[in-house]
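Here is a short tour for someone new to this structure. Please keep the display open while reading.

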Amino acid sequence: MGIRAVLSKPLAAIIVNQQKKWAAQPALSQVKIFKNIIHKAKNTAFGKDHGFENIQTYEDFKKQVPIRDYEALKPYVDKILQGESDVLWPGKPAYFAKTSGTTSGTKYIPITKDSIPNHINSAKNALLSYVHETGKSQFLDGKLIFLSGAPTLEQKAGINTGRLSGIVNHHVPNYLRTNQLPSYDTNCIEEWEEKLERIIDETLDQDMSLISGIPPWVQMYFDRIQARVNKPIKDIFPNFEMFVYGGVNFEPYKNKLYESIGKKVDSIETYPASEGFIAYQDSQKEDGLLLLLNSGIFFEFIPAEEYFDENPTRLMIDQVEMDKNYALIINSNAGLWGYSIGDTVKFVSMNPYRVVVSGRIKHFISAFGEHVIGEEVENAMKATCEKFENVKITEFTVAPQVTPKDGLPHHEWFIEFDNPPIDLEAFSKELDINLRKRNSYYDDLITGSILRTLKIRTLKKASFINYMRSEGKLGGQNKVPRLSNDRKIAEAMEKYTH
């Protein structure tokens, strides 16, 4: 056993002990964060505009600080981009995480000196939690690959700017750098397919033990390797033991990924965002991800059904309920205030507080009042594939068809099968039944003959890869929206149908 594997165990024990202490006092942990960030930001432009000097309680805060998305925060970000200091947080950000916006084009999310530990330590602590619980640490001695965006940074108003994964790459601890792949030069390649081939060149003969990335792009990496070597991944990387992922629900990809590997490997789910590292899987035995209540972020939660109301209910951690969808709001030492990151979460444990990501606030279908969310379609698909055991899904997305050429309106599912069902009609009926079980509004619309049952459009192989390529979003941290309330993606997928 190597030095990394040996030393990780006492460190893991320390980290998990600290974790248990703050997790056992969730409200107190959050109040400490709240008071600290309000005090530190009281003399910023935002703090002065919103009366931070007079905020003593969370109730005070709610009166002073409205919920914002990036569009509403943008005037403050623009001041930073114009060279101003002390705008959202004291001084200037250490970085801007550059990400795509739906309406605002490019978004520039500040990362401050104070918020960097949230991004770096959380990923490390996720691994250490695993080491402590399982006793397994050998994987730390092998080669570790992170399939991510390029680490190249540009300057915006004198501030280093780039993708979050690229920024984080500059802070990988030295003790991991010696066994990290791909090389820096390869990681800097912007064109995903060229980069992927170079990554394979560099990793094919290496002792890979940990692979990290978004599941569809890891699957693409495996597919390209197997096209070259024609062996299961376990024969190519016999010591591959750990898969770390985040960004999407693993379930739709799991069966195909394990089939490519040729065995099951342990996995750790993480919940990183440009705005902050929100949660990670702290246990292989429990459902959900541990919400990081002691890492520079004060969380708020809005019942999802109230999100678009003028004055929605805003709750802190000790006011939430189990199994209810909440829009996630963050206030942080990166200078984000009342900021909606666009995700919905659901609590699956309250001792400690663990969440699952249930969808996106703007990714839903409610063309007919049904408000179907990502969690519902993914769970319906999972249940259907479990019944049709040999069926494997590469990717899928769903959109409403409001004005069909004939018949009633319906939901249209664009599915790329890796292994399609023998009886597509039976599969379609079962999928519809499973969605109706999970959404009573959808069920009522079917029963009331407002909608007909869903329709599946099967797609050619590599359709989603080709679609993402056409959008300039192939690889890295990009992912296909599971749901759309309009036909934009559906119309783009039409040309890939059989």
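## Terms and model

Helices and strands here are DSSP runs, numbered from the N terminus; a helix (H or I) has at least four residues and a strand (E) at least two. The model is predicted.

## Two cis peptide bonds

Start with two prolines. The peptide bond from Leu 181 to Pro 182 is cis, and its omega is near 0°. Pro 182 sits in the loop between β6 (180-181) and α9 (184-187).

The bond from Asn 351 to Pro 352 is cis too, with omega near 0°. Pro 352 belongs to the loop between β14 (339-350) and β15.

## Helix α6

Helix α6 covers residues 116-134, which makes 19 residues. At 1.5 Å a residue it should span 27 Å, and its end C-alpha atoms are 28 Å apart, so the two values agree. The helix bends by about 25° at Ser 122.

Ser 122 is one of the buried residues of α6. Others include Ile 116, His 119, Leu 127, Leu 128 and Tyr 130. Gly 135 follows the helix, and its phi is positive, near 80°.

In soluble globular proteins, nonpolar side chains tend to be buried together. The largest nonpolar core here has 75 residues, and Ile 278, Phe 301 and Trp 337 touch the most other members. Helix α6 gives the largest share of this core, seven residues. A second, separate core holds 41 residues, among them Met 208, Phe 222, Ile 225 and Ala 399.

Which residues does Phe 301 touch, not counting those up to four places away in sequence? They include Leu 291, Arg 314, Met 316, Tyr 326, Val 345 and Phe 347.

## Helix α15

Helix α15 (residues 424-438) has 15 residues. From first C-alpha to last it reaches 21 Å, close to the 21 Å expected at 1.5 Å a residue.

Its buried residues are Phe 427, Ser 428, Glu 430, Leu 431, Asp 432, Asn 434 and Leu 435. Their cover includes the helices α14 (374-387) and α16, along with the strands β17 (372-373), β19 (410-419) and β20 (455-458).

## Arg 487

Arg 487 lies in the loop between α17 (463-470) and α18 (488-493). Is Arg 487 buried or exposed? Its relative accessibility is 18%, so Arg 487 counts as buried, since the limit for buried is under 20%.

Arg 487 and Val 402 are 85 residues apart along the chain, yet their C-alpha atoms are separated by 9.3 Å. Leaving aside neighbours within four places in sequence, Arg 487 contacts Ala 399, Pro 400, Gln 401, Glu 412, Phe 414 and Glu 494.

Ala 157 has a positive phi near 55° and is not a glycine. Its loop runs between β4 (154-156) and β5 (159-162). Ala 157 counts as partly exposed, at 33% relative accessibility.

Ser 449 is not a glycine either, and has a positive phi of about 55°. Ser 449 is in the loop between α16 and β20. With a relative accessible area of 48%, Ser 449 is partly exposed.

## Pocket and cavities

The second largest pocket holds about 420 Å³ of space. Its lining has 18 residues; Ala 304, Glu 305, Asn 325, His 371 and Ile 373 lie nearest its centre. The largest share, three residues, comes from β15.

There are two cavities of 30 Å³ or more.

Notes
Residues numbered from 1 in each chain as written. Predicted model: local features only at pLDDT ≥ 70, side-chain atom pairs only at ≥ 80, totals over all residues. Heavy atoms only, no water. Expected span 1.5 Å × (residues − 1). Bend = angle between axes of the 7 residues up to and from the residue. Buried < 20%, exposed > 50% of the residue type's maximum accessible area, 1.4 Å probe, protein only. Core = buried A, V, L, I, M, F, W, Y, C linked by side-chain atoms within 4.5 Å. Contact = heavy atoms within 4.5 Å. 1 Å grid on protein atoms, 1.4 Å probe; cavity = no way out; pocket = protein on both sides within 12 Å on 5 of 7 lines; lining within 4 Å. Points joined across faces, edges and corners; volume = space filled by probe spheres on them.
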